[in-house]
Amino acid sequence: MRISEKIKYLVGAYFAAALAVQAAPTIDGSITAGDGWTLATEAAYAQPYTGGGSTTTSDLVGESSSFHWWDGNNDHAFDDNRGDVINFHFASDYNFLYLAVAGPTAPFNSFNDAGGTDDQGNLYIAIDSSLGSASGQLSAQDGHNNFGTMAVDFMGWTPTHILGVQYVDNGGGGGGYADLQETGTHLTLAGEWQNQNNGGFDWHATINSSAAYDTYNGNAGEFEFRIPWTMLGLSLGGPPPGESLRFAVYVTQNMAGYDAYDSGPGLGNGGPYEQIGDNPGDPDTGGQWGPSDPGSIAGSFPGSNENTDLSLSPSHDDGVDTIQEYYSVTINAVPEPGTMALIGIGAGIAFAARRRRG
C-alpha cells in the first residue's frame, strides 16, 4: 500500500473511531445493547458501601417493599413489582449525558395489570454533579419540588439536581411529563412531554413486555433520558478527567409527602446502608424498625408511607426515607469532534513522515 493510501486509510479510520466515540443512544424508550449503554451494577458502582451487591443488576430485584404501599391503615398491595428499581445505565458524548432506568412501571398511566390500577408512582434520579468528594446532606424540602415534596432526603452526599418522571403515556393519554430541577432553588431547568426529540433535554419510556431481568411478571418500564452537560453546570465534553458523578434512583407513591417504594443502589438491612423501601413505620435504620425485605429485622409493622413533617434534618430516626447510597460513575471527558479530527489528521501525517524516514 502506498503512503498516500495509508494516510487516507489512517485518517478514515480515525474519523470512524471519533464517530464511534461520539455515538449517542437513541432516545426511544428501548434500552438496547447497540446504543452503547454502560450498566452500573451494585457490586461495581455502589458507594460508599464496598463489597457485595449484585454483579448483574443495579439493585436487588424484587424486594417485597416494591410490591406495596401503606396509607396508615391499609396495605395497598400490588400484584407485581411495579415499584422495583432494577437497572441503571449511563452513556455520554460531547454535548450530553444519557441515563436509562429499567424496572418500575408505577409511573405508567395505562399499564394493563391484573389489579386495574394505573399511574401510582413517580420515578426520580438524584444527580450530584458538584465534583470532588461526596459530602453534606439534603433535606426532603430542599431536594424535591418536581411534583410535590416527597419524603426522601439524603445524607453523606448532596445531590445538585433531581430528574423526575411524573407519569408516562402508555396509551392512556396526557403525553407523559418529566422535568429536571436544581435542588435548593427548585429552579426548573427543563420540562417537557415525552418523546419530543427537540435536540436538547429529551426523554421517552415504554413497557418492555418480555424483559428478561424482570423475573416477576415479564414486564418492565424502560426510561431513557438525554441531558445537556450545561444543565448540570458542567462544560461540554463532560466532567474533568478523574472526576465522578453520583446518582441514586428511586420510585415514590404519587402524592406529596410519601416516601419510597424502592431505591437503587440498596445494600443490606442493617446499619447505614439499607434497602429503604419498606413497611413504613418507618425509621429505616438497623437500630429500630427494619425494612420488610427478606431477612428484615423483627419489629417491622404497618404504619404509613406518608409523612407530614418533612422539615427534620436527614436522619434514620424519622419517617422520611434517607438515601445514603449512590452509584459513583467516572465519565471520561469527550473532546470536541473538530479537535478529534485535527488530532487524527496530525497522527496520520506523523505516521507518514515516520514511514518516509524509515
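Let's start with the surface. The protein chain exposes about 13,900 Å². Carbon and sulfur atoms supply 52% of that area. Keep in mind that this is a predicted model.

Now look inside. The protein chain has 358 residues, and 53% of them are buried. What about contacts along the chain? Take the contacts between residues at least 6 apart in sequence. Of these, 65% join residues at least 24 apart.

Next, the secondary structure. How many helices and strands are in the protein chain? There are four helices and 20 strands.

Let me show you two sheets. A quick reminder before that: strands of a sheet pair through backbone hydrogen bonds, either parallel or antiparallel.

Find asparagine 208 on your screen. Its bridge partner in β14 is alanine 220.

Here is another sheet. This open sheet has three strands, in the order β8-β9-β19. Its pairing is mixed. The edges are β8, at 137-138, and β19, at 321-323. Again, each edge strand has a single partner, so one of its sides has no neighbour in the sheet. Strand β9 covers residues 152-155. β9 and β19 pair in the parallel sense, over three bridges. Valine 152 stands opposite aspartate 321 in β19.

On to the cores. In soluble globular proteins, nonpolar side chains tend to be buried together. The largest nonpolar core here has 40 residues. Which residues have the most contacts inside it? They are Phe88, Leu99, Ile125, Ile127, Phe223, Phe225 and Phe247. Strand β15, residues 244-253, gives the most to this core, with four residues.

Zoom in on phenylalanine 223. Leave out residues up to four places away in sequence. Phenylalanine 223 then touches, among others, Ile31, Leu99, Pro104, Phe108, Val165 and His204.

There is also a second, separate core. This one has 15 residues, including Leu138, Ala248, Ala260 and Ile323.

That's the tour.

Key:
Residues numbered from 1 in each chain as written. Predicted model: local features only at pLDDT ≥ 70, side-chain atom pairs only at ≥ 80, totals over all residues. Heavy atoms only, no water. Helix = DSSP H or I, 4+ residues; strand = E, 2+ residues; numbered from the N terminus. Buried < 20%, exposed > 50% of the residue type's maximum accessible area, 1.4 Å probe, protein only. Contact = heavy atoms within 4.5 Å. Areas by Shrake-Rupley, 256 points an atom, 1.4 Å probe, with all protein chains shown as cover. Pairing = 2+ DSSP bridges. Core = buried A, V, L, I, M, F, W, Y, C linked by side-chain atoms within 4.5 Å.
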